[in-house]
There are 2 protein chains.
Amino acid sequence: MSFKTITIIGFGLIGSSLARQFKAKNLCEKIVCADVSQDVCDQVKLLGLADEVYTDLARGCKEADLVVICVPVGAYKAVGQAISSSLKSGAIVTDVGSVKFKAIKDLQPFIPADVSFVPSHPIAGTEKSGPEHGFGHLFEGRWFIVTPIDDGRDALAVKRVCDLWDACGANVEIMTPKHHDKILGITSHLPHLIAFSIVGTATDLEDDIKGEVIKYSAGGFRDFTRIAAGDPTMWRDIFLNNKYAMLEMIQRFNEDLTELQKAIRQEDGDKLYDLFLRTSQIRKGVVQAKQDDVPTKGS
Amino acid sequence: MSFKTITIIGFGLIGSSLARQFKAKNLCEKIVCADVSQDVCDQVKLLGLADEVYTDLARGCKEADLVVICVPVGAYKAVGQAISSSLKSGAIVTDVGSVKFKAIKDLQPFIPADVSFVPSHPIAGTEKSGPEHGFGHLFEGRWFIVTPIDDGRDALAVKRVCDLWDACGANVEIMTPKHHDKILGITSHLPHLIAFSIVGTATDLEDDIKGEVIKYSAGGFRDFTRIAAGDPTMWRDIFLNNKYAMLEMIQRFNEDLTELQKAIRQEDGDKLYDLFLRTSQIRKGVVQAKQDDVPTKGS
């Protein structure tokens, strides 16, 4: 057993999936749910996902040997403020936020000197939100990135957190928060922003055309609607908290799209063909890296 | 039985899937493969997908009661030229191209007066190319759009082609070529162009970063690589042949992305949240329209 009591703050898709896996793999004695939403707490009780359930975050963290923060990054300051004084001496705090540099900046001031903070981020998820959509095997075979804060005191805590993610079936990688934000900006944040944008364009269409766009969405648009169906609060917070990386990458993307636009205008077929050949090579890399399968609750 | 002899020109993913379904549903007596690639013809023989196999397109069309053109739209003129004089009187020609207005313009001059031309387009496919990746149930429950040429003489031919797609398990819809190109521009061509662009941006990254982008692609980028893995020739031809609709849509997309960029720069969280809420509504429409499942060879 890795920890005696684990408190999960924010019992959405990721939080509830972790709870399921902790229980399935017998990784702790007690799971505590701490979520400010009474609705979520009621559902967690109904689904039997936690041993104790609190809407009061401070109360929920009192006995925790490990606290896992699974709320949108924009709520980190409020969560830090709420739990700071009730954290047990020797406890470890970790999180699963998609932005690390700004998240650490927001949360670290609230971590007492006798508590360790080990920021983490699983590259796993679905477009669905809420405790009812979680499933334990969500993390199996997926990457779990840990971005330790370089102040030396946390070496053992980092190891314990890494071991926990490993026990959940994930592959653990360690990197700096800034590097994490750069890589995830390219692999996750920019693709999502683009998907939100293109689906947003469709929401502005006249109603009859919009109906047809949905009807014939299997031509490619469908995949963008899935990407653009993520939790609005979570994604708003990601974009605002990884602002400068996002702005730089939008700029870069714009330059490349402008070039493509020019190739179409000038009917430069060779240029288009060359690019499309290169992009299909990248796909081969993804398939070879076994990152092409989408996990689902049923699988 | 719908037709005695059906010749399929271009035996790739769509052509070979149609051949499989024609055989499985007993929709014709004889299937003829006509493909200029000796490699493809060899593979079709090996897989036993056709009764006769020709690299000479004209020879392959001689006995056909129905000719189904399944080559990239950019090759329509060459195919028209090659088969024009060998088409049987009373035969029907159809196609499966993703662009209709320009495709009709390219092909129609080569259709003799005693032959009917019924342009079609199935909203079905995968990112894979080649006869070995086809499967008959690809069309089941999918839309098959027919865009008749309004010269009156083809009413019976249109009905026979619609009945054939219906017998393949597809849902048939009729619309004008221009309307087709507008709707598909939004639901298919623009999403693909955007995916090619964003994956292309990644191909320009330094090698070490590129490796990490592939490694952590499950965060969203993965889905774009699948969309951007389609056949380069086919997609080049689609963009060049739906040029004006593409340029207009890129312009519209750019305006919307610029607005999002500004919201991030100004940290306008409400604006982002409102958009993301609207896009998740569109997803609900797609799921309700049962267009959210991706067919695979194994399913």
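This is a predicted model: local features need pLDDT of at least 70, side-chain atom pairs count only at pLDDT 80 or more; totals for chains, interfaces and linings use all residues.
**Entry 1: chain A overall**

I started with the secondary structure and counted 12 helices and nine strands in chain A. Next I looked up the extent of the fold. The C-alpha trace of chain A spans about 65 × 45 × 35 Å along its principal axes. I also checked the radius of gyration, which is 21 Å for chain A. A compact globule of 299 residues would come out near 19 Å, so the two agree.

**Entry 2: the six-stranded sheet, looked up in chain B**

I traced this sheet in chain B and wrote down the order S3-S2-S1-S4-S5-S6. It is an open sheet, and its pairing is parallel. Which strands stand at the edges? They are S3 (52-54) and S6 (116-118) of chain B. Each has a single partner strand, so one side of each is left without a neighbour in the sheet. The twist averages 20° from one strand to the next.

Strand S5 (residues 92-95) of chain B pairs with S6(B) in the parallel sense, over three bridges. For a landmark there I noted Ile92(B), which stands opposite Ser116(B) in S6(B).

**Entry 3**

S7(A) and strand S8 (residues 143-146) of chain A run antiparallel and share three bridges. The pair I marked was Pro122(A), standing opposite Phe144(A) in S8(A).

**Entry 4: where the chains meet**

How many residues of chain A are in contact with chain B? I get 75, and they touch 75 residues of chain B. The elements giving two or more residues to this side of chain A are helices H7 (177-203), H8 (207-215), H9 (221-227), H10 (232-241), H11 (243-265) and H12 (269-288) of chain A. H7(A) gives the largest share, 18 residues. By class, I have 42 nonpolar, 18 polar and 15 charged residues on the side of chain A that touches chain B.

**Entry 5: H7(A) against H12(B)**

The axes of H7(A) and H12 (residues 269-288) of chain B come within 9 Å and cross at roughly 75°. An angle from 65 to 115 degrees counts as roughly perpendicular, so that is what I call H7(A) and H12(B).

On the H7(A) side, the residues in the contact are Phe196(A), Val199(A), Gly200(A), Ala202(A) and Thr203(A). They meet Leu275(B), Phe276(B), Arg278(B), Thr279(B) and Ile282(B) in H12(B). My class tally for this contact is six nonpolar, three polar and one charged.

**Entry 6: symmetry**

Last, I superposed the chains. Chain A can be laid on chain B by a turn of 180° and a shift of 0.0 Å along the axis, with an RMSD of 0.0 Å. That is the relation of a two-fold axis. In chain A, the C-alpha nearest the axis belongs to Asp223(A), at 3.7 Å from it.

Why do I say the copies meet through the same surface? Because 100% of the interface residues of chain A are also interface residues in chain B.

How values were computed:
Residues are numbered from 1 along each chain as its sequence is written. Chains are lettered from A and ligands numbered from 1 in the order in which they are written. Two residues are in contact if their C-beta atoms, placed from the backbone, lie within 7 Å. Helices (H or I, at least four residues) and strands (E, at least two) are DSSP runs, numbered from the N terminus. Ala, Val, Leu, Ile, Met, Phe, Trp, Tyr, Cys and Pro count as nonpolar, Asp, Glu, Lys and Arg as charged, and the others, Gly among them, as polar. Two strands pair if DSSP finds at least two bridges between them. Axes are lines fitted to C-alpha atoms, for helices over the stretch in contact, and angles run from 0 to 180 degrees between N-to-C directions. Angles under 35 degrees count as roughly parallel, over 145 as roughly antiparallel, 65 to 115 as roughly perpendicular and the rest as oblique. Copies are superposed by least squares on the C-alpha atoms of residues with pLDDT of at least 70 in both. The radius of gyration is taken over C-alpha atoms; the globule rule is 2.2 Å times the number of residues to the power 0.38.
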